[in-house]
Amino acid sequence: MLELIEAALSRPNLVAFVLLLLWGLYITITHHNYVKKLVGLYIVQTSVIFFLVTTGAKEGATVPVILSGVEAPGAGDYVNPLPQVLTLTAIVVQIATLGVSLGLVSRIYRSFGSLDEDEVLEKLG
Amino acid sequence: MTEHLPALVFLTPLATAISMPVAGHRHPAVCRPLALVAICCMTVLSVASLWSVSVHGEIRYSFSGWLPPIGIEWLADSLAATMVTAVSGLGVLCLLFADGLGDRPLGGRAVPYYTMVLLLVAGLSGAIYAGDLFNIFVFLEVVSLSAYALVAVPGGRALVSAFRYLLMGALGTAFYLLGVGYFYAATGALNIADLSQRLPGLLDSKAVMGGLIFMFIGLAIKMALMPLHGWLPDAYSDAPASTVPLLAGLVTKISLLVWARILYWVMRPSAEGGTLTIFALVTTFGILAAVAGACLALRQRELKRMFAYGGISHVGLVLIGVGQANETGLAGAMYYLLNDAVMQCSLFVLAGFLALRYGASTLDELGRAHVRNPWAIVTFVAVGLGMVGLPPTGGFFGKLRILLGALEADNNIAAAAIVLTTLITLGYFAQVFEKLVRAGTESASARQPETPWPLRTTMAALVAAIVGLGIWNDHVVALLVDATAPLGI
């Protein structure tokens, strides 16, 4: 048990990722307001993106741009750029999802006059 | 020229989708023919690529000449080419069906509607061809976003179903992406061919196993695997009748295909690490979904919900085949996947037709409707034979091959589950059939609406596909085995 805690504390990025993921899932599942559900979903997606970014990070490394004049650049001196590229695409996907979901929520509000899941289900009968 | 076919197949619907708002801005009436022409072109191109792949072997397409692992690679083996042909062919039929059904007019919303349909089809072909896990994620999301929007088209109740579908689906893609992140952290690769070389030796690692499980959870939500199927029946019964065949036939199947790709092309069955446990897990979930889905279908009184649960049970059957870790099971599962796409499409074509023409959306209404339409009855008989699994339909040969795969792997419980599912499926199809053909007390001369030609064409083509896949099952399976042969399982 102690080893597990020690292993977790040596990787604070993973602890933060797990907390964010669980927090987002909790909000999505427990809240009855559609917008709050979306906030939870957004936190879940952000936590995954956060995890992706941290896999590329290195201590003491710099941006992956090789300056002229540097001979034989070492891989250890630069942050891995690929996770950041993946992250960019994932953020675009996240924004698209958010756009579609907000569109749906606004149409639900216009049709039912409420954002609360229980009230909407009551009106549906 | 032929090596560019996979890219052209994908770009045809995508380019049309992007130009749709411009073309349909003044005259929304051009949207429907434009979409139909685009998907017809796509079908011709995909048939050409299937021919090219079966003659010259698989095509590995690198975008702008950047070779993998740096560039983006598309893998068009005979499995992908067959599936894309099925996707585009069913796309044409679904648009024809929408044409003949004369569903509620879309009015000014025709432009976004057809844009979404084309994006859906483009995303499906992209997800089939994509040669790396991250691009699969992107295309899955393109497919899902179009599907959410299409479910919501009628408004009202459908909005709530679409929102639930979106919440579940977005969580699913988030989990899938997380799994991809784990794989990347463990191996430093995303390309399928690259990963399959780096993974042996790493399969004991918790990161790889964790990633695999996260991907499975994510894809299980998208394929509506039994405990995670909650979104599907509502979404399919509320979505517009002209759209459901497209969603039911294609969207859930794509996640199944991706999962098979990950299990066999990325990971490959071996005795190393927890690999066999994963395959056993997949089989167990498949058995649960097949039997429980069929039991739930038996309880439904509403046609669309019954067919939706039937689809859930068939997802389980395909997973049983995938989980056997042998070539017979895998080829059988992929062949059954193809059949299931056609059968689900036909079932919802029928359900939409009966609901809009005869006002029959439940079993009791169907019993009172006195359907005397030969096209609908013939289609129902064909698809019923296919779903139950009787020759000469493709459903029979698919189930037979999955069963043989299960017996080859000495998995008697899975074999028993397949037989049990078949019996329960027979139970609920007998119910529908009894209601459909029951002799009415009124004379049969009651007003029977004329069936327009697009509907007749759709139904005839679907019946031909169901029977044709069965009659030429050897050829189709040989094509699919071509794709699995290099795996050496």
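Chain A is built from five helices and zero strands, where helices (H or I, at least four residues) and strands (E, at least two) are DSSP runs numbered from the N terminus, and from that terminus on its elements run α-α-α-α-α. This is a predicted model, in which local features need pLDDT of at least 70 and side-chain atom pairs count only at pLDDT 80 or more, while totals for chains, interfaces and linings use all residues. Residues are numbered from 1 along each chain as its sequence is written, and chains are lettered from A and ligands numbered from 1 in the order in which they are written.

**Overall form of chain A**

- The radius of gyration of chain A, taken over C-alpha atoms, is 21 Å, well over the 14 Å that the globule rule (2.2 Å times the number of residues to the power 0.38) gives for 125 residues, so chain A is more spread out than a compact globule.
- Along its principal axes, the C-alpha trace of chain A spans about 70 × 45 × 15 Å.
- Buried residues, meaning those with 20 or more other C-beta atoms (placed from the backbone) within 10 Å of their own, make up 23% of the 125 residues in chain A.

**Where chain B meets chain A**

- Counting two residues as in contact if their C-beta atoms, placed from the backbone, lie within 7 Å, 24 residues of chain B are in contact with 25 residues of chain A.
- On the side of chain B that touches chain A, α5 (133-151) and α6 (157-187) of chain B each supply at least two residues, and the largest share, 15 residues, comes from α6(B).
- By class, this side of chain B has 19 nonpolar, three polar and two charged residues, with Ala, Val, Leu, Ile, Met, Phe, Trp, Tyr, Cys and Pro counted as nonpolar, Asp, Glu, Lys and Arg as charged, and the others, Gly among them, as polar.

**The pair α4(A) and α6(B)**

- The axes of helix α4 (residues 81-112) of chain A and α6(B), which are lines fitted to C-alpha atoms over the stretch in contact, come within 10 Å and cross at roughly 165° between N-to-C directions.
- That angle makes α4(A) roughly antiparallel (over 145 degrees) to α6(B).
- Residues making the contact include V100(A), L104(A) and R107(A) of α4(A), and F163(B) and L166(B) of α6(B), and the residues of this contact divide into 12 nonpolar, three polar and one charged.

**A buried residue in chain B**

- L303(B), found in helix α12 (residues 303-322) of chain B, counts as buried with 24 C-beta neighbours inside 10 Å.
- Leaving aside residues up to four places away in sequence, L303(B) touches A351(B), L354(B), S361(B), T362(B), L363(B) and L366(B).

Conventions: A residue is buried if 20 or more other C-beta atoms lie within 10 Å of its own, exposed if 12 or fewer, and partly exposed in between; C-beta atoms are placed from the backbone. Axes are lines fitted to C-alpha atoms, for helices over the stretch in contact, and angles run from 0 to 180 degrees between N-to-C directions. Angles under 35 degrees count as roughly parallel, over 145 as roughly antiparallel, 65 to 115 as roughly perpendicular and the rest as oblique.
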